[in-house]
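Please look over the sequence and the model below before reading on.

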Amino acid sequence: MDPISNCRQTIATEPTTAVYPGTFDPITNGHLDIVERALQLFDRVIIAVAVNVGKQPLFPLDERIDLIKQCFGPGDDRVSVDATDGLIVDYAEQQGACAIVRGLRAVSDFDYEFQLALMNRKLARRVDTVFLMTGFRWIYISSSIIKDAARHHGDISGLVPDHVRQALQKKYHADNKKSGRRPGV
């Protein structure tokens, strides 16, 4: 089968699934924007919380998964959250996904993402990579920037879901008590 028509053929016969991978440390409104837009293209999105040994996450894996699950209602069966520690393309194949969704904020993201997409294509021709541009109002945020702002008492309201803002405040609460500063998160 022609790999380009894989998702189209799947659309005609069965629901389509896409995998949206990332470390999500923490999930931001930019990530949620990508999920919402992916749901316009696919019947189901699996948010795959990746274990990346090259990163030292602020939130442990189980807490990141819980924070993401809280973003979606209990009856929302179009979105699921799972953990993975292997190759994302292998995970996508195991889940029967026809695509991996990646969000792009700027040209600088594209170079790295393009290399990943080409490698994934080499490893599994059946799984396509779909790039979605982040919504304009979220283009400047990343999990790292959010954490840095929260760490330095910046107001991150409206950039992350409220429960994530509260979790960040709790993580950095000890610093707030020691410094005597009012938490701005």
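What follows describes a predicted model, beginning with the chain as a whole.

**The chain as a whole**
- The chain holds 8 helices and 5 strands, and from the N terminus on these elements run in the order α-β-α-β-α-β-α-β-α-β-α-α-α.
- When contacts between residues at least 6 apart in sequence are considered, 76% of them join residues at least 24 apart.

**Helix H3**
- In helix H3, which spans residues 61-69, the buried residues are Arg64, Ile65, Leu67 and Ile68.
- Viewed down the axis of H3, these buried residues fall within an arc of 160°, and they therefore line one face of the helix.
- The cover over the buried residues of H3 includes strand S2 (44-50), strand S3 (79-84) and helix H7 (162-171).

**The largest pocket**
- The largest pocket has a volume of about 1200 Å³, and its lining is made up of 42 residues, among which Pro21, Gly22, Thr23, Lys55 and Arg102 lie nearest its centre.
- Two or more lining residues come from each of strand S1 (17-22), helix H2 (29-38), helix H4 (88-94), strand S4 (99-104), helix H5 (107-123) and helix H6 (143-151), and H5 gives the most, with 8 residues.
- Sorted by class, the lining of this pocket has 19 nonpolar, 15 polar and 8 charged residues.

Definitions and conventions
Residues are numbered from 1 along each chain as its sequence is written. This is a predicted model: local features need pLDDT of at least 70, side-chain atom pairs count only at pLDDT 80 or more; totals for chains, interfaces and linings use all residues. Side-chain values use heavy atoms; hydrogens and water are left out. Buried means under 20% relative accessible area, exposed over 50%, partly exposed in between (1.4 Å probe, protein chains only). Helices (H or I, at least four residues) and strands (E, at least two) are DSSP runs, numbered from the N terminus. The arc is that of the directions from the helix axis to the C-beta atoms. Contact means heavy atoms within 4.5 Å. On a 1 Å grid over the protein atoms alone, a cavity is a set of points where a 1.4 Å probe fits but cannot get out, and a pocket is an open set with protein on both sides within 12 Å along at least five of seven lines; lining residues have an atom within 4 Å of a point. Grid points are joined across faces, edges and corners, and a volume is the space filled by probe spheres set on the points. Ala, Val, Leu, Ile, Met, Phe, Trp, Tyr, Cys and Pro count as nonpolar, Asp, Glu, Lys and Arg as charged, and the others, Gly among them, as polar.
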